[in-house]
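Here are my notes on the model you sent, as numbered points. Please read them with the structure open.

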Amino acid sequence: FDDLELDLGLQFNTVKDAYSAKEREIGLFTNASYTLNEGAVLDLGLDAFLTKRTDSASISRNYFSFTPTYKKHGDKLSIDAGARVVYENDTLSERSNIHVYPQVNVEYALTKHISPYLGLTGDMIRNTYGSLVRQNQFLSSDVVLLNSNKAIEFYGGVKGNLNSKLG
């Protein structure tokens, strides 16, 4: 098992206002990395969040994500390729409960100090009463909650050192 690395995390959050709104959440997140050979790694991420919100009604909001990723890092070329599969049960939404998002990043070292990169990703951003209250403490207690669907994001850029003595 020398080639296996495992990270586990557990969190518990609770939020209550001066009126009738309260939210309890328990989350488990884990990531396993297995080194296949030199420069090649298989990552498996799993997140599970069970949220219970109570105000004028009681709503259970669950979120599960699974993210397998293959990573190949060579002398000049690095490729991360995978997908994120998300299940969420926002019952107020008309959209599907299962979502699949690409997780791709490619980087090429042109020189020792300059590496352009490109990527394609997406995600379902969890929104809870607690996360929204942290952004706006004057939020109404009976607010409608939906997760944010970041369907696709394309990015690119250049990494580099301006001066080899700085980096």
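1. Tyr101 touches Gly82, Ala83, Arg84, Val86, Gly122, Asp123, Met124, Asn149, Lys150 and Ala151, leaving out residues up to four places away in sequence. Contact here means heavy atoms within 4.5 Å. The model is predicted: local features need pLDDT of at least 70, side-chain atom pairs count only at pLDDT 80 or more, and totals for chains, interfaces and linings use all residues. Residues are numbered from 1 along each chain as its sequence is written, and side-chain values use heavy atoms, with hydrogens and water left out.

2. Tyr101 also belongs to the largest nonpolar core, which has five residues: Phe49, Tyr63, Val86, Tyr101 and Met124. Such a core is a set of buried Ala, Val, Leu, Ile, Met, Phe, Trp, Tyr and Cys residues joined through side-chain atoms within 4.5 Å. Buried means under 20% relative accessible area, exposed means over 50%, and partly exposed lies in between (1.4 Å probe, protein chains only). In soluble globular proteins, nonpolar side chains tend to be buried together.

3. Phe64 is in strand 4. Strands (E, at least two residues) and helices (H or I, at least four) are DSSP runs, numbered from the N terminus. Phe64 is partly exposed, at 33% relative accessibility. Phe64 and Val86 are 22 residues apart in sequence, and their C-alpha atoms are 5.7 Å apart in space.

4. How many aromatic pairs does the count come to? The count is three aromatic pairs. Rings of Phe, Tyr and Trp (its six-membered ring) pair if their centres lie within 6.5 Å; planes under 30 degrees apart count as stacked, over 60 as edge-to-face and the rest as tilted. One of the pairs is Tyr117 with Tyr155, which is tilted, at 6.2 Å centre to centre and 50° between the planes. This pair links distant parts of the chain, as Tyr117 is in strand 7 (residues 114-125) and Tyr155 in strand 8 (residues 148-160), 38 residues apart. Tyr117 is partly exposed at 22% relative accessible area, and Tyr155 is partly exposed at 26%.

5. Charged groups over rings: the charged end of Lys159 sits over the ring of Tyr117, 5.6 Å from its centre. Arg126 lies over the face of Tyr63, at 5.8 Å from the ring centre. The rule asks for NZ of Lys or CZ of Arg within 6 Å of the ring centre and within 35 degrees of the ring normal.

6. Val104 is in strand 6 and is partly exposed, at 30% relative accessibility. Not counting residues up to four places away in sequence, Val104 touches Asp80, Ala81, Leu118, Gly119, Leu120 and Tyr155. Leu6 is 98 residues from Val104 in sequence and 22 Å from it in space, C-alpha to C-alpha.

7. Which residues line the largest cavity? The lining consists of Thr51, Arg61, Asn62, Tyr63, Arg126, Asn127, Thr128 and Asn147. Strand 4 (residues 58-73) gives the largest share of this lining, three residues. A cavity is a set of points, on a 1 Å grid over the protein atoms alone, where a 1.4 Å probe fits but cannot get out; lining residues have an atom within 4 Å of a point.

8. Asn127 is in the loop between strand 7 and helix 1 (129-135). Is Asn127 buried or exposed? Asn127 is buried, with a relative accessible area of 13%. Asn127 touches Arg61, Leu145, Leu146, Asn147 and Ser148, again without residues up to four places away in sequence. Asn127 and Asn147 are 20 residues apart along the sequence and 4.9 Å apart in space, C-alpha to C-alpha.

9. His113 is in the loop between strand 6 (98-108) and strand 7. At 27% relative accessibility, His113 is partly exposed. Its C-alpha atom is separated by 26 Å from that of Glu153, 40 residues apart along the chain.

Technical notes:
1 Å grid on protein atoms, 1.4 Å probe; cavity = no way out; pocket = protein on both sides within 12 Å on 5 of 7 lines; lining within 4 Å.
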